Amino acid sequence: MAGAIIENMSSKKLVIFGVILLLFQALSFMVGGLIEEGALATVDVALAYRDDTLSEWTEMAHSVEQRELKCKFNTQKNYENEGRYYDCDLLPFMELGSVSHKYYLLNIRLPVHERKKINVGIGEVKDIQLVGIHQNGGFTKVWFAMKTFLTPSILIVLVWYWRRITLMTRPPVLLEKVIFALGISMTFINIPVEWFSVGFDWTWMLLFGDIRQGIFYSMLLSFWIIFCGEHLMDQTERNRFSIYWKQVGPIVFGSFCLFIFDMCERGVQLTNPFYSIWASDVGTELAMAFIVVAGICACLYFLFLCFMVFQVFRNISGKRSSLPAMSKARRLHYEGLIFRFKFLMLVTLFCAAMTVIFFIISQVMEGHWQWGSQKLELNSAFFTGIYGMWNLYVFAIMFLYAPSHKRYGDNQSGGQSSGEEIQLTTTITHVDGPTELYKMTGKAAQE
């Protein structure tokens with residue numbers, strides 16, 4: 001039996017996520033006691049905690065797990081090399097959603113039962129090493145500070161945006177509803193519930209975080225499809241959600257598959273932190289297949305989004321042919337709108353590209369111990385940068401597409417030119433759409 005006391009070194013308990021990998025690095029070679037091909041190590045493990053050095057240990061979890069050994073002996077197997085160690089791959093061992101206690105006790109036992117062939121053919125175990133992966137205190141402080149600051153910021157803009165819509169005499173159009181839903185999903189992922197994991201043993205934090213991120217992914221990907229489509233559809237077709245079911249349907253189905261896959265591992269870990277879908281050959285193959293398929297689908301989505309943005313640009317370029325017939329003030333106004341809109345579409349493509357890259361890397365990171373010698377690290381700056389980019393993008397979309405409750409030049413009898421001069425500095429709200437550009441970009445738009 002092996003025992004290990006793990007101390008949470010952060011006095012403020014800001015290390016909230018932890019992964020421990022088991023390494024049978026010290027398996028020695030003995031002639032006649034070789035490690036068999038595909039040998040299974042049966043591990044009887046228990047996890048307990050306490051918050052001071054005097055109180056009794058409280059058991060958190062207990063389980064009997066099996067892990068397949070993948071070891072190589074780099075020299076010749078003869079009597080001269082007896083006692084040398086095998087080179088073994090890391091094995092997934094334990095994952096905790098929160099680390100709210102001061103001390104943790106980990107007991108590991110390797111029971112041997114020859115008749116049942118338990119731990120037979122695994123060689124001679126000299127030592128067991130544990131490799132811990134955790135979210136350190138410095139990153140956690142930055143992460144908590146960002147969430148605490150961004151939550152009220154996005155919420156204030158969201159309330160302001162919806163108030164602007166309710167002031168209009170017309171009902172909200174589809175694009176405005178989708179932007180509002182995107183703001184809600186961003187607010188939901190911003191809420192700093194991680195603060196409670198500092199003092200409460202919430203083991204479901206990892207699963208809850210994945211669900212929040214999955215909801216935001218679904219809403220963001222659906223928004224980009226509708227955002228581009230609403231600037232392509234005819235005036236009689238736009239503002240109907242049913243038009244986009246062929247594009248949004250696969251996104252919803254893929255998000256549901258993500259949730260099922262996540263529940264297969266994170267859901268079981270709520271009661272058994274030692275469970276891992278990577279522990280079996282079937283689970284490993286399914287997980288690898290899922291990662292590959294998810295990466296391919298993300299790339300195909302980005303290519304399809306690029307095609308839609310290209311169509312939007314081509315549609316706008318066709319509208320520019322009508323600009324020379326306008327007065328100078330109105331032509332300059334529309335040229336400014338078109339330039340700003342094209343810039344927004346390019347920012348959208350950049351945001352989509354970074355999101356797809358982040359999604360693929362994060363999925364690969366889930367199975368990093370399965371990629372052999374290939375090592376992949378997700379920098380904390382990249383992680384916080386993507387999170388900040390999402391917030392800035394949602395903030396900009398709500399701010400730019402918030403309808404104005406004012407009307408300029410609608411019923412002015414003598415001052416068309418003065419109305420056009422006012423339009424140079426504002427984006428006017430019309431009865432059939434949130435902005436003037438929204439009206440102009442329809443295929444059947446009328447001047």
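Biologist: Why is the pair formed by Arg 109 and Asp 44 called a salt bridge?

Modeller: In this predicted model, the side chains of Arg 109 and Asp 44 come to 2.9 Å, N to O. The rule asks for a Lys or Arg side-chain nitrogen within 4 Å of a carboxyl oxygen of Asp or Glu, so the pair qualifies. By this rule there are 5 salt bridges.

Biologist: What makes the pair of Arg 109 and Asp 44 a link between parts apart in sequence?

Modeller: Arg 109 belongs to strand S8 (residues 103-109) and Asp 44 to strand S3 (residues 40-50), so the bridge ties together parts that are 65 residues apart in sequence.

Biologist: How do you know whether Asp 44 is buried or exposed?

Modeller: Asp 44 has a relative accessibility of 13%. Buried means under 20%, so Asp 44 counts as buried. Arg 109 has a relative accessible area of 34%; this value lies between 20% and 50%, and Arg 109 is therefore partly exposed.

Biologist: Why does the pair of Arg 67 and Glu 65 count as a salt bridge?

Modeller: The closest N and O atoms of Arg 67 and Glu 65 are 3.5 Å apart, which is within 4 Å, so the label applies. Both Arg 67 and Glu 65 are buried.

Biologist: What makes Arg 266 and Glu 95 a salt bridge, and which elements does the pair tie together?

Modeller: Their closest N and O atoms are 2.7 Å apart, so the pair meets the 4 Å cut-off. Arg 266 lies in helix H4 (residues 245-269) and Glu 95 in strand S7 (residues 91-96), so parts 171 residues apart in sequence are tied together. Arg 266 and Glu 95 are both buried. Through shared partners, salt bridges join Glu 95, Asp 210, Asp 262 and Arg 266 into one network.

Biologist: Why is Asp 262 called buried, and which residues does Asp 262 touch?

Modeller: Asp 262, which is placed in helix H4, has a relative accessibility of 18%. That is under 20%, so Asp 262 counts as buried. Leaving aside residues up to four places away in sequence, Asp 262 touches Leu 207, Asp 210 and Gly 267.

Biologist: What share of the protein is buried, and how many helices and strands are there?

Modeller: Of the 447 residues, 45% are buried, and the protein has 9 helices and 9 strands. Among contacts between residues at least 6 apart in sequence, 79% join residues at least 24 apart.

Note on methods:
Residues numbered from 1 in each chain as written. Predicted model: local features only at pLDDT ≥ 70, side-chain atom pairs only at ≥ 80, totals over all residues. Heavy atoms only, no water. Helix = DSSP H or I, 4+ residues; strand = E, 2+ residues; numbered from the N terminus. Buried < 20%, exposed > 50% of the residue type's maximum accessible area, 1.4 Å probe, protein only. Contact = heavy atoms within 4.5 Å.
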